[in-house]
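Please read the points below alongside the coordinates. They go from the sheet to the helix packing and then to confidence.

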Amino acid sequence: MNYSRSSRLSSRFSLNIRRLAAVVFALFIFDVQAKYNVVRFTLKNGLQVICIEKKSAPIIFFSIWYYCGSKNDAISKSGVAHYLEHMAFSSNKMEFSELLEDIGALKNAFTSINTICFHEVVSKKNIEIVFIYEAIRMISLNIGNDIFQSEKGAILEERSMCVDNNPGGAMQESTLANIFNRDTGGIGVIGWKHEIETIIPKDLQEFHDKWFAPNNALIVISGDFELDHIKKLAEKYFEKIPSKRTEKPKEAGVFPETAVCLKEIEYGSPKNRSLAAVEYVYRVPFSSRENLRKSIALDVAIMALNQPAFFVKKILKDVINCATHAAFGYIDRVFAQDIVAFEISASSIDAAHDSENMWRYLRKRLLHIGISQSELDAVKRQYLVSLAYKKDDIVKMSNHFGLLLTGGYSLEEIQEIDDMVQSITTKECNDLLRDVFTQEPHAISRIVPKGYDRE
Ligand SMILES: [Zn+2]
């Protein structure tokens, strides 16, 4: 009894603290809403350049984003985009690569469904070397046989680590294959093992010839630079590269006509029965390309569902006490249609079944109760704080712009998002959650231990 009285007192106390925090945050909101200083220019050959100025240290983050990714892999050639990223990173003009390392530059690359990105962090005075290095990468590809073979080994190893021996990776690959047609996005970025094995140098060369063009690329630069200097370097090294006629890539991820599909993937060993995971995928019944506001409202709503203090998480944690992890994700503008995924990891198959039953019950409660005003306010404050962190970090800021721009957002839309988040209402969020979760899931994927006896 004592316990319950003191806990009530403490909850009243924490409520007052929350009110106080809300006032402080309301003052803070004004401070973090300042606009970024973003300048955009386009070269005559179509190459777009976005410059974000931040002069806190004499360094520059340079990133080049090609509007092509695993969605451009040809049928039965999955993994080509990712393989090309490896080759272009490892083999291109070694002398410049070594020079960059000598001057202390950091460089890396990644591939996603939408893009292949190469990036460097370099001191302000050495930025010209990066322009030369990336211009060479755009026009040429060196495919030495030794490096081609060693990279194939590295990629198969990466696949084994990130997909075959990683439940999260295995789940993601299976979900993609499960919800989309094989030829319209049902492939992971890394590709199927048997298809990676058949990739030959000609496949990489053809992909490079087709998509590595100035009119199919975007440079995002952030940090301490002089804008005139950047313009001169862009013209000097990139403007002479001719544009190419790039065809519009096929839209990734078109839903097949079939309704709900269920797939179980066997994973791990029969002895290891301590791991199970389930993923529910729901269609989003509107297009984020046509309705930015709805897409932002759904994003905010999904952020709210993931808050540890929100009732969905509370019930998952306190009532069933068996799901080790449960999270919602909204994936917009990656596939032709947006999706919302709900993923549960549990410590055993029985626990996963309990969690699934709980989700069926929770889904109804979610539709009934919805997100409260205070929960929405908390999410908005979190959004603003995370934006302030982003603005303070040249890498995060560039990635924010690069990912959204290659995901199909316009610069104007990206700059609208911040103000839009502030004006989203609970009604908009709850209406959208109702639209998504009143439907049956489009797909359910389950991970079960290998040799699992279904009886
Ligand atoms: Zn890789």
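Through how many residues does a hairpin join β4 to β5? A hairpin of four residues links β4 to β5.

1. Basis. This is a predicted model, in which local features need pLDDT of at least 70 and side-chain atom pairs count only at pLDDT 80 or more, while totals for chains, interfaces and linings use all residues. Residues are numbered from 1 along each chain as its sequence is written. Helices (H or I, at least four residues) and strands (E, at least two) are DSSP runs, numbered from the N terminus. The chain has 16 helices and eleven strands.

2. The sheet. An open sheet is formed by six strands in the order β1-β2-β6-β3-β5-β4, with mixed pairing. Two strands pair if DSSP finds at least two bridges between them. The edges are β1 (38-42) and β4 (106-111); each has a single partner strand, so one side of each lacks a neighbour in the sheet. On average, neighbouring strands of this sheet are turned by 15 degrees against each other, direction ignored.

3. Strand pairs. β4 and β5 run antiparallel and are joined by six bridges, with N108 opposite H119 in β5. Strand β3 (residues 59-66) also pairs with strand β5 (residues 116-123) in the antiparallel sense, over eight bridges. W65 stands opposite C117 in β5.

4. Helices on the sheet. Helix α4 (residues 127-139) lies across β3, β5 and β6 (217-223), and runs at about 160 degrees to β5. Helix α9 (residues 227-238) lies across β1, β2 (48-53) and β6, at about 155 degrees to β2. Axes are lines fitted to C-alpha atoms, for helices over the stretch in contact, and angles run from 0 to 180 degrees between N-to-C directions.

5. α5 and α6. The axes of helix α5 (residues 145-164) and helix α6 (residues 167-179) come within 6 Å and cross at roughly 90 degrees. α5 is therefore roughly perpendicular to α6 (65 to 115 degrees). C162, V163 and D164 in α5 meet G169, A170 and E173 in α6; a contact requires C-beta atoms, placed from the backbone, within 7 Å. The residues of this contact divide into three nonpolar, one polar and two charged. Ala, Val, Leu, Ile, Met, Phe, Trp, Tyr, Cys and Pro count as nonpolar, Asp, Glu, Lys and Arg as charged, and the others, Gly among them, as polar.

6. α10 and α16. Helix α10 (residues 292-305) and helix α16 (residues 426-437) have axes that come within 9 Å and cross at roughly 85 degrees, which makes α10 roughly perpendicular to α16. On the α10 side, K294, A297, L298, V300, A301 and A304 meet E428, C429, L432 and L433 in α16. This contact has eight nonpolar, no polar and two charged residues.

7. L405. This residue is in helix α14 (residues 394-406). L405 is buried, because 22 other C-beta atoms lie within 10 Å (buried means 20 or more). Leaving aside neighbours within four places in sequence, L405 is in contact with L218 and L411. L405 and Y67 are 338 residues apart in sequence and 9.2 Å apart in space, C-alpha to C-alpha.

8. Confidence. The chain averages a pLDDT (the predictor's confidence in each residue, from 0 to 100) of 82, and 79% of the residues score at least 70. Over residues 1-34, pLDDT stays under 50, and the model has seven contacts beyond four places in sequence for them. Where pLDDT is low, the predicted coordinates should not be read in detail.

Terms used:
Parallel < 35°, antiparallel > 145°, perpendicular 65-115°, else oblique. Contact = placed C-beta atoms within 7 Å. Buried ≥ 20, exposed ≤ 12 C-beta atoms within 10 Å, placed from the backbone.
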